[in-house]
Amino acid sequence: MTLWILVLLTSAGCFALKVLGYLVPARILQRPQVRRLVELLPVALLGALVVVEAIADGSQLHVDPARLAGFAVGSVAVWRRAPFLIVVVAAALTAGLVRLA
Amino acid sequence: MPRDNPEAGVRRDAVGVGLAVGAYGFAFGAASVSAGLSAWQTCVLSLVAFTGGTQFAVVGVVAGGGAAGAALASGLLLGSRNMLYGMRMAPLLRVRGLRRLLAAWGTIDETTAMAQAQQTPALARVAYWWTFGGVYVFWNLATLLGALAGSIVDPTRYGLDAVVPSAFLALLGPRLRSSKLDRRIAIAGAVIAGLLIPITPAGVPVLAASAALLLAVRTRGRPS
């Protein structure tokens, strides 16, 4: 039940945020401070998500060699500017193969 | 293949983006059911919320046993960038009424990036709608397949857990190259989250990473 509420609130909230972008007057964005903070917020959050997804398991640090190997190969792919598909497939293949070994 | 028609080229690229996003959608579907969401709940997120980073963030917190409030908050914070995209797309798409709601629904990283990359407003509109269509179809099909596969087998066995941090890094990649401030903010966010993982409930490290924005506030007043 809680999960359904979460799913519905997330869905409604995300849609509302998108619609809001089309409704707010463009001049708000012309205020440089506002624009800058809104542009930088995802950078901070994505940086955090990378770390959390790589080394956390719930509220514990969890070092999984296979996951880290996959992430390392994925990171190299990002660094080499590989297309998204290659990044995703390389990471999954590496982690899968390390687990098989 | 002749390259006489730029519109056809844009349409091809749009479908290509859709296919690439599909692989990520499969990982999302599998991650979501292994976090404990049902296949239905997983599909509703992809169909309605339709914004990958947010969806991954929400199921990530659920998987870690975090509170629903923390999951919702980190999802919405991450989804707030779509609002910024909407503000940029509105003057380009010039849509009204129901079409405006539809345009808003499709306002995500990929559609905005594809539209902004075009030379003319007309091509930008073609890129926008075709990318929306391509990503929507493949993202949702892949979510469904991933959710079904994830309910049968353990997705970590196939390395899908390594896909998630790599995909977030891929989203971050262009920003890391764009400016020094972006890099500092991303690193600060990562450090804050890393330090908080063992001492706070799941979801809190990502929310707390917004504090990295203080770096931008602090440097604002400086002469450059």
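View 1. In chain B, residues 24 or more positions apart account for 71% of the contacts with a separation of 6 or more, two residues being in contact if their C-beta atoms, placed from the backbone, lie within 7 Å. The model is predicted: local features need pLDDT of at least 70 and side-chain atom pairs count only at pLDDT 80 or more, whereas totals for chains, interfaces and linings use all residues. Residues are numbered from 1 along each chain as its sequence is written, and chains are lettered from A and ligands numbered from 1 in the order in which they are written. The secondary structure of chain B consists of 11 helices and 0 strands; helices (H or I, at least four residues) and strands (E, at least two) are DSSP runs, numbered from the N terminus.

View 2. The C-alpha trace of chain B spans about 60 × 60 × 35 Å along its principal axes. Of the 224 residues in chain B, 54% are buried, that is, 20 or more other C-beta atoms lie within 10 Å of the residue's own, with C-beta atoms placed from the backbone.

**View 3. Packing of helix 1 against helix 7 in chain B.** Helix 1 (residues 6-35) of chain B packs against helix 7 (residues 121-152) of chain B at an angle of about 25°, with their axes 6 Å apart. Axes are lines fitted to C-alpha atoms, for helices over the stretch in contact, and angles run from 0 to 180 degrees between N-to-C directions. The two helices of chain B are therefore roughly parallel, a term for angles under 35 degrees. The contact of helix 1 of chain B with helix 7 of chain B comprises 26 nonpolar, 12 polar and 2 charged residues; Ala, Val, Leu, Ile, Met, Phe, Trp, Tyr, Cys and Pro count as nonpolar, Asp, Glu, Lys and Arg as charged, and the others, Gly among them, as polar.

**View 4. The interface between chains A and B.** In total, 82 residues of chain B are in contact with 67 residues of chain A. Helix 4 of chain B supplies the largest share of the chain B side, 18 residues.

**View 5. Helix 2 of chain A against helix 4 of chain B.** Helix 2 (residues 32-55) of chain A and helix 4 (residues 68-93) of chain B pack at about 145°, with their axes 9 Å apart. Residues of helix 2 of chain A, including Val38(A) and Leu45(A), meet residues of helix 4 of chain B, among them Leu77(B) and Arg81(B).

Methods. Parallel < 35°, antiparallel > 145°, perpendicular 65-115°, else oblique. Buried ≥ 20, exposed ≤ 12 C-beta atoms within 10 Å, placed from the backbone.
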